[in-house]
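Open the model in your viewer and keep the selection tool ready. This tour goes from charged pairs to aromatic rings.

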Amino acid sequence: MILKSEIKRFLFNPLLSVLLIISICWQLNAVRTIFEPELYTYQHINNYDLNEYGKIEIESNITNSLNSYDVWLSTFVPYISIIALISCLPYAATYIIDKKSGYLKNILMRSKKDNYFFSKTLLNALSGGLIVSLSSIVTLIILLITLTNEIPSILSSSLYINEPAIFINYLFENTIIYIFFVFSLMFFIGATFSTFALTIGMFTKNIILSILIPQIYMLVGGSICSTLGLNKINPWNVMYFNFEQTEFKFGLLNISIIMIVSLILIYIKSREDVI
C-alpha cells in the first residue's frame, strides 16, 4: 500500500523531468563555455593570416581537443558544483513534508513504520540515482554521436601508463560496457547523496538543511581537502574515475561510507517510538 503510493508520488513528480533537463543543459553548457575559443577559431580559421600548412595544423589540434573523451572530462568539474543538489531536490525533503502535513501520522495508523521507511528510502535513492545517472549518460551519448571518438594522445602519456584510469579503455573499445559502468557509478553517487539528505531531514526536520548540507559537503569539503592536501578524503575523488585509479578508489570508499552510515541512521530512526 505505502510502496504503491510512494511509487505514484515518484512517477508524477514534475521536478524529476525538470531537474533532468537542467542537469543535461548544465553539462552541455559547460562544454560550450570551455571549448568556445576553439570552436570560434575553427569556424573563422579562414580569417587568420595563415598559410595552408598552418591552417591544417590548427584544424588538427582543435579537432584533437574536441575529442569526445576530452570534452566528456570537461563536464565533470562544473557538474561537481550541482551534483549533490540535483540528486537531493526531487524527493529527499518528502519525509519532512509528510511529517509536517500530518500525512505521516495518517499513514502509520494504517501501516507499519518499517514499510514506510523502506518505501521512502528506496524511492528517494531511486530518484537521486536516476537524475544523476540519466543526465550523465545522455550527455555522454550526445558527445559520442557528435564528436570524434579516436583515442586522444593524452592516453599514451606516462600518467595513464603508470596507472590507467579504470574502465577508460572501454570508452573506445566497448562503448556499451563503458556506458553501463558510468550509469551504475553515477546512479550510486546520486542515490548516496539523496539518502544522505533524507537522513539529515529525518533528524533535523529542516528542509533547507536536508537539501543543502550534502551540497555544502561536496563543495566546501572538497575545497578544504584540496587546500589542505587531504587528497585521500576529498569527496571530489569519486568523480575521478576517468583519471587515476587511486583517487577514484578513495572516493568510492568515501561515498560508500556515507551511504552505509546514512542507512544505519535511517534504521535507528525507524526504531524510535516517536518519529
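Is Glu-272 buried, partly exposed or exposed? Glu-272 has a relative accessible area of 29%, so Glu-272 counts as partly exposed. The cut-offs: buried means under 20% relative accessible area, exposed over 50%, and partly exposed in between, with a 1.4 Å probe and protein chains only.

Before the next pick, some ground rules. This is a predicted model, in which local features need pLDDT of at least 70 and side-chain atom pairs count only at pLDDT 80 or more, while totals for chains, interfaces and linings use all residues. Residues are numbered from 1 along each chain as its sequence is written, and side-chain values use heavy atoms, with hydrogens and water left out.

**Stop 1: Lys-269**

Lys-269 forms a salt bridge with Glu-272, with 3.2 Å between the closest N and O atoms. A salt bridge here is a side-chain nitrogen of Lys or Arg within 4 Å of a carboxyl oxygen of Asp or Glu. Lys-269 is buried, with a relative accessible area of 5%.

Now show Phe-203. Lys-269 lies over the face of this ring, 5.5 Å from the ring centre. The rule: NZ of Lys or CZ of Arg within 6 Å of the ring centre and within 35 degrees of the ring normal.

**Stop 2: the other salt bridges**

The structure holds three salt bridges. Select Asp-98 and Lys-120: their closest N and O atoms are 2.9 Å apart. Asp-98 lies in helix α7 (residues 94-101) and Lys-120 in helix α9 (residues 113-146), so the pair ties together parts 22 residues apart in sequence. Helices are DSSP runs (H or I, at least four residues), numbered from the N terminus. Both Asp-98 and Lys-120 are buried.

Next, pick Arg-271 and Asp-114. Their salt bridge spans 2.1 Å, N to O. Arg-271 sits in helix α14 (residues 245-271) and Asp-114 in helix α9, 157 residues apart. Arg-271 is partly exposed at 42% relative accessibility, as is Asp-114 at 40%.

**Stop 3: rings**

Rings of Phe, Tyr and Trp (its six-membered ring) pair if their centres lie within 6.5 Å; planes under 30 degrees apart count as stacked, over 60 as edge-to-face, the rest as tilted. There are five aromatic pairs. Select Tyr-116 and Phe-117: centres 5.7 Å apart and planes at 85 degrees, so edge-to-face. Both are buried.

Finish at Phe-183 and Phe-187. Their centres are 6.3 Å apart and their planes at 25 degrees, so the pair is stacked. The two are four residues apart in helix α12 (residues 175-204), about one helical turn.
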